Amino acid sequence: MARCTAPVNGHRSASARANCPACGGRSRSYGYSYSYSQPYSSNSYSSRSTSNSGKRKASWSSSGSTVLYTPSEIRTLTPVRKNVEKRLEKSDLRDIFLCHAWDDRKGSAKELHDLLESKGVSVWFSEKDVALGSPLMREIDKGLIKSRVGIVLVTPLFLKRIEGSGIADKELSALLARDLIVPIVHNTTYENLRDASPLLGSRSGLSTVEDSMEEIASKLAELVTPETIESY
């Protein structure tokens, strides 16, 4: 009895089937040519990750907002938002205190400051809020007291500064004493941050690995927006 030369997957072409000693000339349905190509499936693209996969609006987002958050970001920012809401009645407060390395004051810190202000956020920024000749540490104390939330721009330069116990380290110590702090990791990693500051590194935040500086500024602007917002 002749045996099929392609008993499992079938023949690649009609000519191959015709030349098979078992299938040649037969008209059985399983004898037709068999395609080895991947068949199209509506699910073939569904498993591909997209930039917005798993993201959603936060409970404090406005109805027209297009800003999306990961579940981790929402867990991180929710207690900060609640503390911000408790301080909304104090109208004389700045929205955000920006803690940064001195060396970043004309670079990434200024970029973030300018983006936040362009979105209507009031920012305490030492580069413009500390007058020449004023005692820096005293002015920083005032800035911390008069701000609703603190953000820490964590860069390679910032990590060097806190290891050297500079001004940035003192600002960080004051912020860590309050539950109103969001680290923004830029051009470095959380692993590096945890090595330099386990306390700050234990707090989740935002990262320019996941979002652009513009997108981070949008999230921070929503976080400190005074209006109460519908839940999702």
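Reply: Start with burial in helix α10, where M213, I216, A217, S218, K219, L220, A221, E222 and L223 are buried. Buried stands for a relative accessible area under 20%, exposed for over 50%, and partly exposed for what lies in between, using a 1.4 Å probe and protein chains only. The model is predicted: local features need pLDDT of at least 70, side-chain atom pairs count only at pLDDT 80 or more, and totals for chains, interfaces and linings use all residues. Residues are numbered from 1 along each chain as its sequence is written, and side-chain values use heavy atoms, leaving out hydrogens and water.

Me: How are the elements named, and how many residues of α10 are buried?

Reply: The elements are DSSP runs numbered from the N terminus: helices are H or I with at least four residues, strands are E with at least two. Helix α10 spans residues 213–223, and nine of its 11 residues are buried, which makes it mostly covered.

Me: What covers the buried residues of α10?

Reply: Read this from contacts, meaning heavy atoms within 4.5 Å. The cover of α10 includes α2, β1 (94–99), α3, β3 (147–154), β4 and β5.

Me: Which residues of α6 are buried, and where do they fall around the axis?

Reply: In α6 (residues 156–163) the buried residues are F158, L159 and I162. Looking down the axis of α6, these fall within an arc of 100°, so they line one face of the helix. The arc is taken from the directions that run from the helix axis to the C-beta atoms. On the face of α6 turned away from the buried side are the exposed residues K160 and E163.

Me: Now the strands. In which sense do β1 and β3 pair?

Reply: Two strands pair if DSSP finds at least two bridges between them. In a regular strand the side chains alternate between the two faces of the sheet. Strands β1 and β3 pair in the parallel sense over five bridges, and G150 in β3 is the bridge partner of F97. Strands β3 and β4 also pair in the parallel sense, over five bridges, with V154 opposite V185 in β4. As for burial, eight of the eight residues of β3 are buried.

Me: How many salt bridges does the whole structure hold?

Reply: Side chains of opposite charge can pair when their charged atoms come close. A salt bridge is counted when a side-chain nitrogen of Lys or Arg is within 4 Å of a carboxyl oxygen of Asp or Glu. The search of the whole structure finds 15. One of them joins R81 and E85, at 3.0 Å from N to O. These two residues sit four residues apart in helix α2 (residues 71–86), which means about one helical turn separates them. R81 is buried at 3% relative accessibility, while E85 is partly exposed at 37%.

Me: Which salt bridge links distant parts of the chain?

Reply: E214 and K119 form a salt bridge with the closest N and O atoms 2.7 Å apart. E214 belongs to helix α10, whereas K119 is in the loop between α3 (108–118) and β2 (123–124), 95 residues apart. E214 is partly exposed at 39%, and K119 is partly exposed at 30%.

Me: Where is D211, and is it buried or exposed?

Reply: D211 is in the loop between β5 (206–207) and α10, and at 5% relative accessibility D211 counts as buried. A salt bridge joins D211 to K219, with the closest N and O atoms 2.8 Å apart. Both of these residues are buried. Through shared partners, salt bridges join K55, E73, D211 and K219 into one network. Not counting residues up to four places away in sequence, D211 touches K55, E73, I216 and K219.

Me: Which residue has a positive phi although it is not a glycine?

Reply: That is N187, with a phi of about 60°. N187 lies in the loop between β4 (181–185) and α8 (190–196), and is exposed at 61% relative accessibility.
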